[in-house]
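Ready for some practice in reading helix packing and buried side chains?

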Amino acid sequence: MTRSPRSFPLTGRTRSTAAVFGPENAPVLGPKNVQRSGRLAGLDGLRALAVIAVVVYHFFPALLPGGFIGVDVFFVISGFLITGLLVSEHTRTGRISLRRFWQRRARRLVPPLIPVILISCSIAFLIGGDVLVGLGAQLLGATTFGYNWVSIANDASYFSVNEPELLRNLWSLAVEEQFYLVWPLLLLAVLLLRRPPVRLAVVTALFIASAFWMGLLYQPGADPTRVYYGSDTHSFGLFAGAALALLLRRPSGHRNELPRLRPWLGGAAVLAIAAFALWLPEDGTATFRGGLVAVSLATAVAIWAGVRGGRFGRLLDSTPLRYLGERSYGIYLWHWPVLVLLQLLWPAASRSGSLLPIGLLAATITLVLAVVSYRWLEVPIRRVGVRGSIRHIGRLWTGTTRRRRLVAAAAALSLLLVGGTTAAVVAAPAQTSAQLRIERGQRAMDAAARAATHAAAAAEAAAQAAATPVLADGPITAIGDSVMLASAPELQATFAGMTVDASVSRGMYSADDILLALKAAGQLQPLVVIGLGTNGPITGDELTNILRILGPDRQLVLVNAYAERDWTDGVNATLSEFAAGNRRVELANWHDTIAGRLDLLAGDHVHPGPIGGQLYADEVRAAADRLAAVPPLSDSSWLLRSPDAPRPPPFR
């Protein structure tokens, strides 16, 4: 879609965009609501706000933790426009040309996608390593518009920050494409119903069914990727837009609903969308059981207020927002691969607290690439089609020597990019370096468990060691996340009496249940080591509950976190403060130990290898030794009080 007739960049011809969205939209909403350029008021502005939200969410997640809702705004806009086009065609001609519809969709979506895939994959091949893992499956999903289902089948996670999945943002394009494939067929059946209210009721029922299915399948505490990626669970936004398009097909005398209130309602809807972008958690129950549905409904209200004409639509279509909205598709396609590749090429800028430079650079590169794509690829193909563009390239080849060289260089570059993409798939390793290190730790834990079952003397040795004052050599219970899991071989080699219970994606909130189960089974040792700060924020109350479960006779080592996450600093401050205020708690400072040795971590800058794992174990031993050197207290009842209660004077 173009803002106004412009010179075709290669031929010098002009063509009005009315053929794209003008007459086809007009019967739905009335000619007064269609701008001269054939565009519906307010939609470009909404697109701009949506893509800004998504980009900020990915580039600066702490600023807009709910910015992922921009995708749902896109869904509603797409459902509204596509349904309007199809119904208008049916009204004019009595039929819907599925072939022409699918050709238009392919011409709109596919050409800008091809350079994104080829360029990103070729650069990834030059970088190598973890970014290539699973690239073949990603390309399969991208080329078949089934990215969401391929990811679900491969247990990929949209919310994972440890895996540099190069084409992850294409999941939403897959959902839309699947809607474009199925919805025209369903709409033909809906249009067989003679009464408009019944048609609207059917589409509304589809909206409710998809929303209900998302809420039903969502499991609190589990990875929500399945319900977020699923076309069945996440199509309610598309159906909300479709229902709005049917609702607005009313007689001309009933088209000016609430003229005075409409701008205020539209403004309130946009403010509500902004509030959701600031408030909705990416993996919270409120998001998947009503939050995203509310975003879709607010977007529908904003669309209604914009396309019905008036100052609200003109405000949304202000020049900066319209400029970004027209290029929003390219911005969305490019922003994620650019961010992933920049983080790999410039890892120092992605450390906690240093996201600003890489975010600004990624935003600049994304905008430049989107502008180039829009000017030289999207607009020409939209005006003259793929065949027309190919014919023009043929005319260039018969032109001057300079033009022939330009075409030859473009063809050579295209072949090079195809070769680079192919090489990237062929060279892709089976697992990331982090996965290899985690599996190494898991094997060590399994081997230790097998050895324990065959060593009858272990219980006697543990009982004898429990009486020893130096706890670092006695029986120890260690509970941790994937960082501890990767360090398990070194921990077990350093502590002969240690039992490690570590797992991927585990947080501090899970410690209570694990400790209570071990305590009930009589397997909770005198010294407990907990390393659960990598995967999310923690609270002082969680730590206090852990100490209460341990009781007055056990000591605790808390391992702090090193990860390029926005919550890491807060986690480490909470752990440090808690350890400083409790005599039987000691801090193992993994963060400072590894901060200057990132070469010892996997490509995700989180999981240690053998040398890093030994540093992890050494830091835990040092903390355990400090605890063992502390003389016992005659009265330790104060340790079980609330952290807010008065504390005795420091002993050291």
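This is a predicted model: local features need pLDDT of at least 70, side-chain atom pairs count only at pLDDT 80 or more; totals for chains, interfaces and linings use all residues.

Residues are numbered from 1 along each chain as its sequence is written, and side-chain values use heavy atoms, with hydrogens and water left out.

**Exercise 1.** Classify the packing of helix α11 against helix α13 by angle and handedness.

*Solution.* Start with the elements: α11 covers residues 236-247 and α13 residues 285-307. Helices here are DSSP runs (H or I, at least four residues), numbered from the N terminus. Next, the geometry: the two axes lie 9 Å apart, at an angle of about 30°. Axes are lines fitted to C-alpha atoms over the stretch in contact, and angles run from 0 to 180 degrees between N-to-C directions. Angles under 35 degrees count as roughly parallel, over 145 as roughly antiparallel, 65 to 115 as roughly perpendicular and the rest as oblique. α11 and α13 are therefore roughly parallel. Finally, their crossing is right-handed, that is, the near helix is turned clockwise from the far one by less than a right angle.

**Exercise 2.** Which residues join α11 to α13, and of what class are they?

*Solution.* Contact means heavy atoms within 4.5 Å. From α11 come Phe 236, Gly 237, Ala 240 and Leu 244, which meet Leu 292, Val 293, Ser 296, Ala 300, Ile 303 and Trp 304 of α13. Sorted by class, this contact has eight nonpolar, two polar and no charged residues. Ala, Val, Leu, Ile, Met, Phe, Trp, Tyr, Cys and Pro count as nonpolar, Asp, Glu, Lys and Arg as charged, and the others, Gly among them, as polar.

**Exercise 3.** Describe the surroundings of Glu 378.

*Solution.* First place the residue: Glu 378 sits in helix α17 (residues 355-397). Its relative accessibility is 4%, so Glu 378 counts as buried. Beyond neighbours within four places in sequence, its contacts are Arg 108, Pro 112, Tyr 329, Gly 330, Ala 370 and Ser 373. Glu 378 and Pro 112 are 266 residues apart along the chain, yet their C-alpha atoms are separated by 6.5 Å.

Note on methods. Helices (H or I, at least four residues) and strands (E, at least two) are DSSP runs, numbered from the N terminus. Buried means under 20% relative accessible area, exposed over 50%, partly exposed in between (1.4 Å probe, protein chains only).
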